[in-house]
Amino acid sequence: MAKREISEINAGSMADIAFLLLIFFLVTTTMDTDTGLIRKLPPVLDEVEPPPPIKERNIFEVLVNANDQLLAEGEYIQVTELRAKVKDFIKSDPSNMDMPEFKETDIPGLGLVAVSKQIISLQNDNGTSYEMYIKVQNELVAAYNELRNEFAQQKFQKSYNELVQQSDASDANKEKMDAVKKFYPQRITEAEPKRVGGSN
Amino acid sequence: MSKFRKKGKKSAPGVNTAALPDIVFMLLFFFMVTTVMRETSLKVENITPKATEVSKLERKSLVAYIYIGKPIKALQAAFGTAPRIQLNDAFKTLEDIPLFVEMEKKERDEVERNKITWSLKVDQKTKMGIVTDVKQELREADALKINYSTKKTDKILNN
């Protein structure tokens, strides 16, 4: 019997099928990764225990009202001025009695150093716009980040951002990162909002 | 007269398309791997504010989204223009947040439940009142790691 020749499968339309799928995924895809300011909320306290008293000089008070106006330490300022003021406050100054106190702290990698006891208290109104709130939050975080960068650059010849990026790779960098973090701990508290603006 | 004169007309050879499926498949796999399906359709206006100090959210599977804003134009006739909370695909109220938190936690593995980031996607025109209420509910539901979703920008301006 004669051998029957097996005919080849026509693959000419394979490209069409692949194109079809490609276009489907092109349309449904979203490349954007979510970015934002990450925050931790304080847990709910079970008992009403009065918090330990904090000295007035250690607190930097930021108030935002319903008209998106900003009051920092009793002074009416613009958002763009906030960063420099907060930086000065966090850094503190031993000769100035209005600036935060220092506490001798033992930080691994740095030894015994004087860490300022700063706390930033943020209070907003219910009528404050979210845009303004984020701006203020952003400036506060930016102040901490800039200080950490400067400090890390001076101590380790590397910016804090670089240390964070390299912290996964080496333990030495992680230790440095933690040390910088402990030297300038991010302390931002948010008071319960008040309904004073009227509008809501 | 020349030796190299063309003899008659030659048709141009066709382009070889044998490698075309390979190229297309390569692209296809790229998009298949990078794709994330759109999970929810937005029912609220959602233009998030801009900030400079943003960080990326690392694991998408560990992020739960809460949208806040005023309803989109098509739904304003039915729902008005007051800001609303959208969870998954529907408008919800503040009282639904604890349940939402529970459901989202149940969907994840037990070891990862505390690592969920609650991403607040809030429209920039929204007032803080509703945002604070939502934050309070999240606190009470023990959902403490939150993220204010913002876009990256180089500089922020005065109002």
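User: Let's start with helices α3 and α5 of chain A. How do I read the way they pack, and at what angle do they cross?

Analyst: Two packed helices are described by the angle between their axes and the distance between the axes. Axes here are lines fitted to C-alpha atoms, for helices over the stretch in contact, and angles run from 0 to 180 degrees between N-to-C directions. In this predicted model, the axes of α3(A) (residues 130–156) and α5(A) (residues 171–183) come within 10 Å and cross at roughly 130°. Helices (H or I, at least four residues) and strands (E, at least two) are DSSP runs, numbered from the N terminus.

User: Which word describes how α3(A) and α5(A) lie to each other?

Analyst: Angles under 35 degrees count as roughly parallel, over 145 as roughly antiparallel, 65 to 115 as roughly perpendicular and the rest as oblique. So α3(A) and α5(A) are oblique to each other. Their crossing is also right-handed; a crossing is left-handed if the near helix is turned anticlockwise from the far one by less than a right angle, and right-handed if clockwise.

User: Which residues make that contact?

Analyst: Two residues are in contact if their C-beta atoms, placed from the backbone, lie within 7 Å. From α3(A) you get R148(A), F151(A), A152(A) and F156(A), while α5(A) brings K176(A), V180(A) and F183(A). By class, that's five nonpolar, no polar and two charged. For those classes, Ala, Val, Leu, Ile, Met, Phe, Trp, Tyr, Cys and Pro count as nonpolar, Asp, Glu, Lys and Arg as charged, and the others, Gly among them, as polar.

User: Before we go on, how do the numbers and letters work, and what does the prediction limit?

Analyst: Residues are numbered from 1 along each chain as its sequence is written, and chains are lettered from A and ligands numbered from 1 in the order in which they are written. As this is a predicted model, local features need pLDDT of at least 70 and side-chain atom pairs count only at pLDDT 80 or more, while totals for chains, interfaces and linings use all residues.

User: Now sheets. In what order do the five strands of the open sheet in chain A come?

Analyst: Two strands pair if DSSP finds at least two bridges between them. The order in chain A is β4-β3-β2-β7-β8, with mixed pairing. At the edges sit β4 (75–77) and β8 (188–190), each pairing on one side only. On average, neighbouring strands are turned by 25° against each other, direction ignored.

User: Which way do the partners of β2(A) run?

Analyst: β2(A) (residues 59–64) runs parallel to β7(A) (residues 119–124), joined by six bridges. It runs antiparallel to β3(A) (residues 70–72), with three bridges. V62(A) is a handy spot to look at: it stands opposite A72(A) in β3(A), and its bridge partner in β7(A) is L122(A). β2(A) and β3(A) also form a hairpin with five residues between them, and D68(A) in the turn has a positive phi of about 60°.

User: Which strands belong to the open sheet of seven strands?

Analyst: Its order is β2(B)-β1(A)-β7(B)-β6(B)-β3(B)-β4(B)-β5(B), and the pairing is mixed. β2(B) and β5(B) (90–92) stand at the edges with a single partner strand each, so one side of each is left without a neighbour in the sheet. β1(A) (residues 35–40) and β2(B) run antiparallel and are joined by two bridges, with T35(A) opposite K56(B). Further along, β3(B) (residues 63–69) runs parallel to β6(B) over six bridges and pairs with β4(B) (residues 84–87) in the antiparallel sense over four. I68(B) has V122(B) as its bridge partner in β6(B) and stands opposite I85(B) in β4(B). Our helix α3(A) turns up again here: it lies across β1(A) together with β6 and β7 of chain B, at about 75° to β1(A).

User: How many residues does each chain give to the contact between the chains?

Analyst: Chain B gives 48 residues and chain A gives 45. On the chain B side, α1(B) supplies the largest share, nine residues. By class, that side has 23 nonpolar, 14 polar and 11 charged residues.

User: Last one: is Q157(A) buried or exposed?

Analyst: A residue is buried if 20 or more other C-beta atoms lie within 10 Å of its own, exposed if 12 or fewer, and partly exposed in between, with C-beta atoms placed from the backbone. Q157(A) has 8 such atoms, so it is exposed. It sits in the loop between α3 and α4 (160–166) of chain A, and its phi is near 55°, a positive value in a residue other than glycine.
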